[in-house]
Amino acid sequence: MTVIKINAITVPDDAGDELAHRFAARAGAVDGADGFEGFELLQPTDERTQWLVITRWRDEDAFQAWLASPSFAHGHRSESERGGGDAPKPVSTHSEVWSYQVAGGSTGNPAADATPGPA
């Protein structure tokens with residue numbers, strides 16, 4: 001059963017671009033992890049300061065195996081740290097991980113998206 005992990009990261013207004021840049025720099029780093037199903041970084045569009053990192057996993061065991069893996073540690077170090085330098089200043093002020101499983105929903109209608117509208 002798919003599990004969803006949401007990392008709610010509190011980011012000051014002036015640090016959002018840097019957070020997005022850091023995630024872009026490691027895009028795809030988790031793609032090869034066994035049981036990994038997908039990732040999204042969500043930027044708030046209202047007054048909230050929490051960015052959401054949403055990952056989907058085949059099951060809890062797959063997520064825990066990734067957390068314990070060397071690739072997790074490597075992927076969460078900055079480029080500077082990987083080169084032997086100092087860690088950059090954090091851009092967040094708080095973070096917490098939430099765990100969910102899918103309890104219902106809809107897959108949408110892909111055919112409706114492909115139907116051309118009026119010209």
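This is a predicted model: local features need pLDDT of at least 70, side-chain atom pairs count only at pLDDT 80 or more; totals for chains, interfaces and linings use all residues.

Started with Trp 66, which I find buried, at a relative accessible area of 16%. That puts Trp 66 under the 20% cut-off, so it counts as buried.

Next I looked up Phe 63, which is buried because its relative accessible area is 8%. Phe 63 and Trp 66 both sit in helix H2 (residues 60–67), three residues apart, or about one turn of the helix. I jotted down the general rule too: an α-helix has 3.6 residues a turn, so residues three or four places apart point the same way.

**Ring pairs**

How many aromatic pairs are there? I get five. I checked Phe 36 and Trp 57 among them: the ring centres are 5.2 Å apart and the planes stand at 70 degrees, so I log the pair as edge-to-face. Phe 36 belongs to strand S2 and Trp 57 to strand S3, so this pair ties together parts that are 21 residues apart in sequence. I find both Phe 36 and Trp 57 buried. Then back to Phe 63 and Trp 66: their ring centres are 6.2 Å apart with planes at 45 degrees, so that pair goes down as tilted. Ring pairs join Phe 36, Trp 57, Phe 63 and Trp 66 into a cluster.

**Helix H1**

Which residues of H1 (residues 16–25) are buried? I noted Gly 16, Leu 19 and Phe 23. Looking down the axis of H1, I see its buried residues fall within an arc of 60 degrees, so they line one face of the helix. The face turned away from that buried side carries Asp 17, Ala 24 and Ala 25, which are exposed. What covers the buried residues of H1? My list includes S1, strand S2 (36–42) and S3. One more thing about Phe 23: Arg 26 lies over the face of its ring, 4.8 Å from the ring centre.

**Strand S1**

I find S1 mostly covered, with seven of its eight residues buried. Which strands does S1 pair with? One is S3 (residues 50–57), antiparallel over eight bridges. Another is S4 (residues 94–101), antiparallel and over eight bridges. I picked Ala 8 to see both pairings: its bridge partner in S3 is Leu 52, and in S4 Ala 8 stands opposite Glu 96.

Definitions and conventions: Residues are numbered from 1 along each chain as its sequence is written. Side-chain values use heavy atoms; hydrogens and water are left out. Buried means under 20% relative accessible area, exposed over 50%, partly exposed in between (1.4 Å probe, protein chains only). Helices (H or I, at least four residues) and strands (E, at least two) are DSSP runs, numbered from the N terminus. Two strands pair if DSSP finds at least two bridges between them. The arc is that of the directions from the helix axis to the C-beta atoms. Contact means heavy atoms within 4.5 Å. Rings of Phe, Tyr and Trp (its six-membered ring) pair if their centres lie within 6.5 Å; planes under 30 degrees apart count as stacked, over 60 as edge-to-face and the rest as tilted. A charge sits over a ring if NZ of Lys or CZ of Arg is within 6 Å of the ring centre and within 35 degrees of the ring normal.
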